[in-house]
Amino acid sequence: MPGRAVYYLRLSVTGRCNLRCIYCRSGDDAAPPAGAELPAEDLLKIVRAAALMGFRKVRLTGGEPLLRADIVDLVHFVARVPGIDDLALTTNGVRLARLAPALARAGLRRVNVSLDTLRPERFRRITGGDRWHEVWEGIEAALALGLNPVKLNTVVLRGLNDDEVRDLARLTLDRPLHLRFIEVMGFKGNSRAAARRVGTAEVRALLEAEFGPLEPGKPVAGCGPARYWKLPGARGTVGFISPYSAPFCDWCNRLRVTAAGTLRPCLHDPWELDLTLPLARGATERDLAGLFERALARKAAHRGAAAATGGGRPMAELGG
Ligand code: SAM
């Protein structure tokens, strides 16, 4: 889109994950090869190159970013890259309670946690892990430390958690939580989960039948694709990320770096540029910035995803 400002870098810092969410991974065959992880120095060089290109916001994601042994150091150094004024992290929350204090000391101000259910046994069914209580402790730790905003991501799946949207939304009544309901995206290998998609209109109708009309919510820091609303009288907000019912391609402001070290203008466009070879050959930040320019040109020419397929890579590697 001419004039579109692209200033948000999503950095998948590892392809490894300690959960196997049914909408994200199709099984071990979809797992990225072991070692699909760039060293911290390379990630930092990429962030500095992005900053040269005017990027201001970085999100660390994965895979599960908190599995990296050096995640606290990474946060420390990325938070201090001149020009980057907003650093965020998306996590499944399993290791968050343990790491949140060190992450906050290192400079992390806000966090997104995935939470699809309030029921531990369902959590196991959806994610393959018996870790619900750890995730909940992680969310509580983030709130207790004053990380702000604390956003929760809920992928709504018919027959699995669509009966919980009201209970999940209720969390925002007395806590400063920002819950976003996500329309599940189709990727290579997740067609069964994608067939469970529940559209935003349906989720919203369920909420309004229970709580009354949603009130417009103030935009929450992050400039992402969610639109925010409030349950009447709530401290937090509810939002909707609606790649199908309200596509946001035309104002997408992000580039991605995959765990394998490729630069991607779009989740669903298979076009990507390898950064690993230039990095191995000692590319400077200026050299990398040149590659960013090429990716930005591709993004400018790209108009929406014809088919949401992830372009041949699983979500865990793309960095959701
Ligand atoms: N492991 C971290 C986590 O669980 O938040 C970060 C990576 S995960 C890929 C990032 C986000 O992508 C999560 O909130 C997850 O719910 C979302 N996600 C994964 N697969 C998705 C899909 N098929 N459709 C929509 N969202 C998806």
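Start with a term: a residue is buried under 20% relative accessible area, exposed over 50%, and partly exposed in between (1.4 Å probe, protein chains only). By that scale, Glu37 is partly exposed at 27%.

This is a predicted model, in which local features need pLDDT of at least 70 and side-chain atom pairs count only at pLDDT 80 or more, while totals for chains, interfaces and linings use all residues. Residues are numbered from 1 along each chain as its sequence is written, and side-chain values use heavy atoms, with hydrogens and water left out.

**Stop 1: salt bridges**

Side chains of opposite charge can pair when their charged atoms come close. A salt bridge here is a side-chain nitrogen of Lys or Arg within 4 Å of a carboxyl oxygen of Asp or Glu. The structure holds 16 of them.

Select Arg16 and Glu37. Their side chains form a salt bridge, 3.0 Å from N to O. Both residues lie in the loop between strand E1 (8-12) and helix H1 (40-52), so the pair ties together parts that are 21 residues apart in sequence. Helices (H or I, at least four residues) and strands (E, at least two) are DSSP runs, numbered from the N terminus. Arg16 is partly exposed at 40%.

Next, select Arg204 and Glu208. The closest N and O atoms of this salt bridge are 3.3 Å apart. Both residues sit in helix H8 (residues 200-211), four residues apart, or about one helical turn. Arg204 is partly exposed at 22%. Glu208 is partly exposed at 28%.

Now pick Asp269 and Arg298. Which of the two is buried, and which is partly exposed? Asp269 is buried at 4%. Arg298 is partly exposed at 32%. They meet in a salt bridge of 2.9 Å, N to O. Asp269 lies in the loop between strands E11 (262-264) and E12 (273-274), and Arg298 in helix H10 (residues 285-301), so the pair ties together parts that are 29 residues apart in sequence.

**Stop 2: the ligand**

A backbone N or O atom of Tyr23 lies 3.0 Å from a ligand nitrogen. A polar backbone atom of Gly63 is 2.8 Å from a nitrogen of the ligand. At Ser114, a side-chain N or O atom is 2.6 Å from a ligand oxygen.

Notes. Polar contact = N/O pair within 3.5 Å; in protein donor to acceptor, adjacent residues only side chain to side chain.
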